Amino acid sequence: MPRAFGWLDVRLLNDDWLARLGPEPTAVLSLLVLAADRRGVSFYGRGRMAERLGIHRARIDAALARLCALDLVAFAPWRPGHPDGVWQLLPLPSAGPP
C-alpha cells in the first residue's frame with residue numbers, strides 16, 4: 001500500500017449508507033478520509049474541498065451538514081463562528097443509517 005492511504009468502512013456499502021448519503025456527501029466523506037491523519041482528523045477548509053471535488057461551496061456546506069447530522073463527522077471551528085476548522089471522522093453508528 002502507498003504510504004498515504006485512507007480506508008473506508010465496508011459497512012458504508014453493506015449497510016446502505018452510500019445510498020442514504022447520496023453522491024455529494026459521499027464524495028466529501030471520501031475526501032475527508034483521504035485527507036485525514038492517522039487519528040481521522042482533517043484540516044481541509046470548505047473552499048479547498050469545493051476546489052478539489054469540483055463542487056460548488058454551497059453544496060459542500062450542505063454535504064457537511066448532512067454528514068454532521070448523521071454523526072459521521074464532527075467539526076470544531078478555529079474560533080466561534082468561523083466556517084473552517086478541524087473535521088474529525090467518527091465511527092459508523094452500529095445501528096446503521098437512519
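Predicted model: local features only at pLDDT ≥ 70, side-chain atom pairs only at ≥ 80, totals over all residues.
Colleague: What makes the pair Asp9 and Arg11 a salt bridge?

Modeller: The side chains of Asp9 and Arg11 come to 3.1 Å, counted from N to O, and the cut-off for a salt bridge is within 4 Å, so the pair qualifies.

Colleague: Why are Asp9 and Arg11 called partly exposed?

Modeller: Asp9 has a relative accessibility of 23% and Arg11 a relative accessible area of 24%; buried would require under 20% and exposed over 50%, and therefore both residues fall in between.

Colleague: How do you know that Arg59 and Glu24 form a salt bridge, and what does the pair tie together?

Modeller: The closest N and O atoms of Arg59 and Glu24 are 2.8 Å apart, which is within the 4 Å that the term requires. Because Arg59 lies in helix H5 (residues 57-69) and Glu24 in helix H3, the pair ties together parts that are 35 residues apart in sequence. Arg59, at 47% relative accessibility, counts as partly exposed, and so does Glu24, with a relative accessible area of 22%.

Colleague: Why is Arg39 called exposed, while its salt-bridge partner Asp37 is called partly exposed?

Modeller: Arg39 has a relative accessible area of 55%, and exposed means over 50%, so Arg39 passes that cut-off. Asp37, at 29% relative accessibility, counts as partly exposed, because this value lies between the limits of 20% and 50%. The closest N and O atoms of the two residues are 2.9 Å apart.

Colleague: Where is Asp84 placed, and which residues does it touch?

Modeller: Asp84 is found in the loop between strand E2 (73-77) and strand E3 (85-89). Leaving aside residues up to four places away in sequence, Asp84 touches Gly45, Arg46, Phe75, Pro77 and Trp78.

Colleague: What makes the phi values of Asp16 and Asp71 worth a remark?

Modeller: Most residues other than glycine have a negative phi. Asp16 is not a glycine, yet its phi is positive, at about 70 degrees, and Asp71, also not a glycine, has a positive phi of about 60 degrees. Asp16 sits in the loop between H1 and helix H2 (17-21), and Asp71 in the loop between H5 and E2. With a relative accessibility of 46%, Asp16 counts as partly exposed, as does Asp71 at 49%.

Colleague: What lines the largest pocket, and how much space lies in it?

Modeller: About 450 Å³ of space lies in the largest pocket, and 21 residues line it, of which Trp7, Leu8, Val33, Gly40 and Leu89 lie nearest its centre. Helix H1 (11-14) and helix H3 (23-35) are the elements that give two or more residues to this lining, and the largest share, 3 residues, comes from H3.

Key: Residues numbered from 1 in each chain as written. Heavy atoms only, no water. Helix = DSSP H or I, 4+ residues; strand = E, 2+ residues; numbered from the N terminus. Contact = heavy atoms within 4.5 Å. 1 Å grid on protein atoms, 1.4 Å probe; cavity = no way out; pocket = protein on both sides within 12 Å on 5 of 7 lines; lining within 4 Å. Points joined across faces, edges and corners; volume = space filled by probe spheres on them. Buried < 20%, exposed > 50% of the residue type's maximum accessible area, 1.4 Å probe, protein only.
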